[in-house]
Structure formats: structure tokens, C-alpha cells
Amino acid sequence: MKNDIEIAELKAENEFLKQQNQWLLAQLKLSNKRNFGASSEKLNADISAQLSLFNEAEQENDGENEPDIKDVKAYRRRKAGQVGIGKLPEDLPVEIIEHSLPGEDQFCPDCGEALHVMGRETREELKLVPAKAVILRHETLTYSCRHCERRSEYVPMVKAKTPEPVIKKSFASPEAVAHIAYEKFVMGSPLYRQQQDWERKGIPLSRQTMSNWLIKASADWLQPIYDRLKKQLISAEVLHADETTVQVLREDGRHAENKSYMWLYRTGADANNHIVLYDYQPGRSGDYARDFLKGFKGYLHTDGLKGYHCKLPEDIIVVGCWAHVRRNFNDALMTLPKNVRKKSQAAEALLRLGEIYKLEEEFRKFPEDNNFKARFEARKEHVKPLIDAFYEWCSLQTTMPGSPFKEAVTYCLNQKPWLDKFLLDGRLEIDNNRAERSIKPFVIGRKNWLFSNTPNGAHSSAILYSIIETAKENKVNPFDYLTFVFRNAPNWDIHNHPEVIDKLLPWNFTPNAAY
């Protein structure tokens with residue numbers, strides 16, 4: 001009897017170790033895929049070919065109703081190595097270089113008479129002029145009256161008006177601060193690299209000075225714009241949210257290794273003026289989202305973070321993300337040997353999800369009038385049955401505990417209350433990719449500058465990223481826009497006259513706006 005018990009215990013232990021080994025192998029494959037594999041989640045050709053299994057219309061096509069074949073006009077293929085001819089902007093300044101014969105050669109080689117110009121061949125090149133520094137010396141003139149100087153005891157003096165600087169008692173110009181911000185937050189060039197570049201130009205501009213400029217300019221001139229944008233963001237009815245880690249080295253009461261977070265909130269597809277706002281916080285609790293979104297009522301697209309579901313008030317309807325569902329099944333597929341992937345449960349899940357996404361792609365082409373009512377009706381008729389069938393299919397799957405596929409199925413079924421919410425309104429989207437695309441510039445920049453030194457610097461970065469990304473979303477050149485703000489905000493007294501802040505919002509800026 002004792003031997004039977006020991007054998008049963010050994011079998012149970014062996015089964016546990018087998019499952020643990022399979023789980024560890026799956027995690028290793030996922031880690032290698034994320035570190036060294038392609039990030040695309042598109043299905044490969046072999047699996048995509050099975051889509052016909054879930055499309056009865058294609059499967060039962062007997063060939064009698066063949067699609068029309070259109071003729072395609074012939075075209076000439078560019079030779080290998082040949083550079084394509086692009087069209088240069090017409091508003092660029094033109095520098096003309098005329099190539100003429102020397103004076104002694106402007107005579108006919110046959111009769112010796114003078115030649116005249118009979119034609120002109122033109123070739124255009126794009127000339128790039130590296131950035132150069134120029135000192136702007138503001139000389140303010142003071143005037144007095146000669147007549148009063150001779151005849152009066154009092155001599156009036158009148159001083160010309162001088163524009164206010166972007167940073168008082170500093171040699172920073174609007175263009176310089178805008179350039180530093182553009183290089184770091186758009187091009188991903190850390191301040192230490194910019195310092196090296198300035199030194200090569202013979203200008204001793206330290207990264208500490210540049211950092212101080214960015215923090216001061218953000219606090220004085222960009223913070224009021226940020227606050228105004230936040231008010232408009234809260235008044236929207238559809239928003240997206242996401243968050244990612246950021247390291248802050250010097251924060252009271254915390255170690256440098258502790259994770260802090262940069263939260264992102266942005267408008268949805270229905271917005272006339274798109275707004276993207278970052279918010280630095282020391283943690284990932286849903287309390288931070290609740291506090292930031294105070295006063296907001298409507299739909300909020302998020303990932304599956306529990307804080308969104310527990311901490312937000314009832315008048316915020318959380319909408320789940322199907323891209324995370326698809327990503328989990330894609331990860332499960334990547335852990336399988338290649339020879340079994342095509343017929344696996346994960347492949348079938350991806351094919352079913354592919355049908356849903358294919359419909360969503362078509363619905364994006366619908367007109368946006370009447371609050372996307374056409375998309376709402378189309379989803380109710382075509383997408384909802386597929387989603388219901390997918391849930392039922394997931395509930396019937398038998399999986400090994402702890403396997404990536406089991407985790408993917410569990411995540412999908414647990415998130416069902418929020419995943420279904422996008423069907424409530426045509427303005428909503430099937431996933432939260434809009435927020436993920438907006439937070440990506442920060443993630444890319446973080447790979448270059450790695451960390452923030454202080455919370456003050458992280459907060460300044462959040463403001464600068466917000467202003468820059470909002471400008472980009474509204475098709476505004478970030479450098480031109482920042483220069484416009486830093487030149488005008490100090491002279492428009494925005495702190496005492498907040499109504500003029502609207503004139504500084506990105507959608508009110510034009511490339512030819514007067515400074």
C-alpha cells in the first residue's frame with residue numbers, strides 16, 4: 001500500500017515537472033521571439049490560406065461567378081540602383097547657379113562671330129545647409145528731445161519696446177529652446193549628444209543648461225497650454241489611455257531602481273482636434289487615472305489593467321482591447337513547433353479573429369456622419385455574431401494548465417465584460433492601438449535618453465511630449481510650433497490673460513503665422 005502511494009506521488013510530481021518544463025520552454029521561445037523575432041502579428045501565408053475554412057461563400061464557389069478581370073496598364077520598371085525622382089516643395093528658396101561659356105569662348109568656332117543664348121537646360125538638386133548658430137543682439141534705443149534738453153529742466157525720454165525673452169537673464173532664444181526640444185523629443189537625441197554637437201560647433205552649451213532651459217520654458221509657457229488642452233480632453237466623450245514605465249533616478253522616498261510610469265490619454269477617432277497628453281506618476285494604480293480624468297464622462301479605451309476596472313467612477317465606461325487578445329494567441333502560436341502550428345488551436349483562434357478584424361477594416365471606410373451610425377449597425381449585424389461564436393469556441397477548448405494558449409483563452413473570457421463594450425457605439429474602436437501608437441514616440445525616445453534625473457524633469461518631459469505629439473497629430477511642424485509659442489507666449493501675458501491661450505493651440509497655428 002505504501003509503495004502504491006509513493007508511486008502515485010512520483011507520477012504526480014513527474015507530471016508537474018513535465019508541465020513546468022513545457023511552460024519554461026514556452027516562456028523561452030516567447031522571450032527569444034520578442035527579443036530577436038519580428039514584432040508583426042500578421043499571419044503567415046500558410047495559416048492565412050486556411051481562412052477559406054471559415055468563409056462559406058468562398059468555399060462553396062463553384063467557379064460560375066468568376067470575378068471580373070481588369071487590364072493593368074504597363075509600366076516601366078526602375079533599373080536596379082536607380083534613385084527615384086521625387087518632387088521638391090515649391091515654397092523652398094531657390095539658389096540659381098548659371099553655367100556659361102567663358103568670354104573668350106563665346107564665338108562661333110566656324111566663322112568667328114559672337115554666339116547668343118539659344119536654350120537653357122535645367123537640373124535641380126536639394127542642397128542641405130547644416131544648422132548654424134547666430135548671435136541675436138537686441139539693442140533697444142532710448143529717445144529724448146533736444147529742444148527740451150536746451151530749454152527745459154525736465155527732459156522726457158521714450159524707450160523702444162523690446163520683446164520679452166523666453167527665459168529671463170538667459171541667452172536662450174525661442175529657436176534655440178525649440179531646437180533642443182525637437183532634437184530630444186522628436187529625433188530622440190539625448191542632451192549629452194546635443195552637447196557634443198554644440199561643442200563641435202565651438203559653442204560650450206552644457207546639458208545642464210539645456211535641461212534647465214527645457215524645464216523653465218515648459219513650466220512658464222507650455223504648462224498653461226497643457227492645462228487648456230486637458231480641459232478640452234476631459235470634455236470629449238471618447239478617449240484612449242495607456243501607460244509605460246520610466247525610470248527616475250532621484251525621487252524622494254524611492255530607490256533609483258523603482259519603476260515610475262508615464263501615462264497617456266488621447267482623443268478618439270471622432271475628435272475634430274486631436275489631443276495627446278502625457279502624465280508622469282510614480283506608480284501604476286488606477287487612482288492616478290481616476291484623478292487625471294476627474295470630470296470626464298464617456299468611453300475610455302484601455303488595456304486589461306485591473307486599476308481601470310476597479311478605480312474609475314461608474315460614468316466612465318471602460319472599453320477593452322481586442323489587439324491584446326490577438327497578441328496573446330499569437331504568442332501562444334509562436335511557442336509551438338513550426339510543424340504543428342498550422343493545425344493548432346492558436347492558429348484557429350487567430351483565423352477567427354482575423355475575420356473580425358477584416359470586417360472592422362471595411363467598416364473604417366464608412367462615412368463618419370451621424371456619430372458613425374452606419375458602423376454601429378454593421379457591427380451589430382456582422383461582427384457581434386462572430387464575437388459570440390468566438391467566446392463559445394474559447395469556452396469549449398481543453399488546454400494544459402499554465403500553457404500560453406490556456407492563458408490566452410483565460411484572458412479573453414475574463415475580459416469579456418469590457419471587450420464587448422466597443423459594440424455599444426459606432427465611434428468606438430475594436431482595440432486600443434490608437435493609444436499605443438501615440439505612446440510609441442516616448443518608448444522610442446526612452447531607448448536613447450534612458451531615464452529622467454528628477455521628477456521635475458519627468459514632469460517637464462510629459463508636458464513637452466504632450467505639446468509635440470498633439471502638434472504632430474494636427475499636422476503641425478513641432479519645431480515651427482514651439483518657436484511660435486516661445487516667441488509669443490512671453491509677450492501675450494498669458495498668465496494674466498488666459499483667454500489668449502486659445503490662440504496658441506496647435507490647430508490655430510499656421511506655417512505662415514506672424515511671430
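Let's start with Leu-239, which stands opposite Thr-267 in β4. Strands here are DSSP E runs of at least two residues, helices are H or I runs of at least four, and both are numbered from the N terminus. Nine bridges join β3 to β4, and the two run antiparallel; strands count as paired if DSSP finds at least two bridges between them.

Before I go on, a word on the source: this is a predicted model, where local features need pLDDT of at least 70 and side-chain atom pairs count only at pLDDT 80 or more, while totals for chains, interfaces and linings use all residues. Residues are numbered from 1 along each chain as its sequence is written, and side-chain values use heavy atoms, with hydrogens and water left out.

Back to the sheet. On to β5: six bridges join β4 to β5, again antiparallel, and Leu-264 has Tyr-278 as its bridge partner in β5. How buried is β4? Eight of its nine residues are buried, so β4 is largely enclosed by the rest of the structure. Buried means under 20% relative accessible area, exposed means over 50%, and partly exposed is in between, using a 1.4 Å probe and protein chains only.

Five strands make an open sheet with mixed pairing, in the order β5-β4-β3-β6-β7. The edges are β5 (276-281) and β7 (316-319), each pairing on one side only. On average, neighbouring strands are turned by 30 degrees against each other, direction ignored. Over at β6 (residues 298-301), four bridges connect to β7, and these two run parallel. His-301 has Val-319 as its bridge partner in β7.

What packs on this sheet? Helix α7 does, touching β3 (238-247), β4 (259-267) and β5, and its direction makes about 110 degrees with that of β5. Helix α17 (residues 455-473) lies across β4 and β5, running at about 170 degrees to β5. For those angles, axes are lines fitted to C-alpha atoms, for helices over the stretch in contact, and values run from 0 to 180 degrees between N-to-C directions.

That brings us to the cores. A nonpolar core is a set of buried Ala, Val, Leu, Ile, Met, Phe, Trp, Tyr and Cys residues joined through side-chain atoms within 4.5 Å. The largest one has 73 residues, and Ile-225 and Phe-486 have the most contacts inside it. Its largest share, 11 residues, comes from α7 (residues 207-234). Leaving aside neighbours within four places in sequence, Ile-225 is in contact (heavy atoms within 4.5 Å) with residues including Ile-467, Tyr-481 and Leu-505. Apart from this core lies another, of 34 residues, among them Cys-394 and Phe-405.

Next, α5 (residues 174-185). This helix has 12 residues and reaches 16 Å from its first C-alpha to its last, close to the 16 Å expected at 1.5 Å a residue; that expectation is 1.5 Å times one less than the number of residues. Its buried residues include Val-177, Ile-180 and Phe-185. The buried residues of α5 pack against α6 (191-200), α7, α16 (433-449), α17 and α18 (478-488).

For contrast, look at Glu-104, in the loop between α3 (56-59) and β1 (142-144). Glu-104 is exposed, with a relative accessible area of 61%.

And the whole chain? There are 18 helices and seven strands, and buried residues make up 37% of the 515 residues.
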